[in-house]
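Student: Could you walk me through this one? I have not looked at it before, and I would like to ask things as they come up.

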Amino acid sequence: MKAYIDLDNTLVNTVDSWIEFINSKENINLTLEDIHTYPWLSMKFKDENGKGIYDHYWESGDEYCIYDGKIKPHTGSQEFIDELKSMFGKENVHIVTMALDGIERFKNKFIKHYFKIDPENIHYYHNKYDVTKKLGSGILLDDYQKHTRSFVTNGSPSILFTNNGKYKWDIDQTKELENKYSELFYVVDNYEQALWRMHCIKNKYNEAG
Ligand SMILES: [Mg+2]
């Protein structure tokens with residue numbers, strides 16, 4: 001069984017950098033508390049061509065330093081990945097993340113630097129379930145319910161990461177998943193809980209053969 005782990009906001013603090021970028025471009029004072037749905041930043045702030053300001057963030061590359069200084073791993077995330085490598089085997093720990101064209105090389109370098117994961121275990125796709133389907137069954141850990149939803153609706157386990165309750169986006173949809181998919185969907189606040197939950201799911205999976 002494999003461990004599929006999201007990068008942005010699950011292992012590293014990307015959202016504060018997004019907010020800082022939007023605040024500086026729009027001359028406003030957003031905080032994390034203002035974000036109630038995940039796509040809100042990209043939908044709400046558009047440039048004169050109707051393109052999301054948020055997209056400019058990714059294109060700004062060196063200035064916002066995608067992964068070159070501003071974005072740092074969450075406390076404990078590197079140790080968490082080490083624990084997963086012991087639990088699942090190094091070859092079974094994959095990062096599944098999204099990237100606009102041209103950003104992959106920054107992310108690859110960043111992931112290798114902080115998490116010692118090679119490019120063959122890093123995957124860039126919009127539908128996370130589709131890519132993992134080709135790689136083999138596993139558990140997704142992600143902070144965005146849309147991705148956890150794509151797993152559970154296909155009968156695969158997934159875990160939503162709240163970063164100690166800091167991420168409060170899409171709460172209604174999270175509750176719906178909890179009610180509807182109680183055997184496959186879980187919410188965790190920290191890495192310790194994530195490890196325990198992944199351990200339980202893996203054991204259950206092994207017992208089922
Ligand atoms: Mg994420």
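This is a predicted model: local features need pLDDT of at least 70, side-chain atom pairs count only at pLDDT 80 or more; totals for chains, interfaces and linings use all residues.

Student: What about the chain as a whole, how many helices and strands does it have?

Tutor: The protein chain has nine helices and six strands. Its radius of gyration is 17 Å, close to the 17 Å that the globule rule gives for 209 residues, so the chain is as compact as a globular protein of that length. Along the principal axes, the C-alpha trace spans about 55 × 35 × 30 Å.

Student: What share of the residues counts as buried?

Tutor: Of the 209 residues, 32% count as buried. As for the contacts between residues at least 6 apart in sequence, 65% of them join residues at least 24 apart.

Student: Which residues have the most contacts inside the largest nonpolar core?

Tutor: That core has 32 residues, and those with the most contacts inside it are A3, I5, I95, I139, L141, I159 and A194. If we set aside residues up to four places away in sequence, A194 touches F80, L141, I159, F161 and V188. Another core lies apart from it, with six residues, among them V15, W18, F21 and L41.

Student: Let me pick I5 from that list. Is it buried or exposed?

Tutor: I5, which is found in strand β1, counts as buried, because it has 28 C-beta neighbours inside 10 Å and 20 or more are needed for that. Leaving aside neighbours within four places in sequence, I5 is in contact with T10, L11, V93, H94, I95 and L141.

Student: How far apart are I5 and D47?

Tutor: They are 42 residues apart in sequence, and from C-alpha to C-alpha they are 32 Å apart in space.

Student: Changing topic, where is I111, and which residues does it touch?

Tutor: I111 is in helix α5, which runs over residues 104–115, and it is buried, with 22 other C-beta atoms within 10 Å. Not counting residues up to four places away in sequence, I111 touches L7, I95, I117 and I122. Between I111 and I122 there are 8.4 Å from C-alpha to C-alpha, and the two are 11 residues apart in sequence.

Student: Now helix α6, which of its residues are buried?

Tutor: In α6, residues 128–135, the buried ones are K128, Y129 and T132. They cover an arc of only 90° around the axis, which puts them on the same side of α6. D130 and K134, on the other side of α6, are exposed.

Student: Why would residues three or four places apart point the same way in a helix?

Tutor: An α-helix has 3.6 residues a turn, so residues three or four places apart point the same way.

Student: And what do the buried residues of α6 pack against?

Tutor: They pack against β1 (2–5), β2 (93–97), β4 (138–142) and α7 (145–152). Just after α6, G136 takes a positive phi of about 125°.

Student: You mentioned α7, so how many of its residues are buried?

Tutor: Six of the eight residues of α7 are buried, and the helix is mostly covered. The buried ones are Q145, H147, T148, R149, F151 and V152, and they pack against α6, β4, β5, α8 and β6.

Student: One last thing, what is the phi of N164, and what is the phi of D170?

Tutor: N164 has a positive phi of about 55° although it is not a glycine, and D170, also a residue other than glycine, has a positive phi near 60°. N164 is in the loop between β5 and α8, and D170 is found in the loop between β5 and α8 as well.

Student: Are they buried or exposed?

Tutor: N164 is exposed, with 10 other C-beta atoms within 10 Å, whereas D170 is buried, with 23 other C-beta atoms within 10 Å.

Technical notes
Residues are numbered from 1 along each chain as its sequence is written. A residue is buried if 20 or more other C-beta atoms lie within 10 Å of its own, exposed if 12 or fewer, and partly exposed in between; C-beta atoms are placed from the backbone. Helices (H or I, at least four residues) and strands (E, at least two) are DSSP runs, numbered from the N terminus. The arc is that of the directions from the helix axis to the C-beta atoms. Two residues are in contact if their C-beta atoms, placed from the backbone, lie within 7 Å. The radius of gyration is taken over C-alpha atoms; the globule rule is 2.2 Å times the number of residues to the power 0.38. A nonpolar core is a set of buried Ala, Val, Leu, Ile, Met, Phe, Trp, Tyr and Cys residues joined through C-beta atoms within 7 Å.
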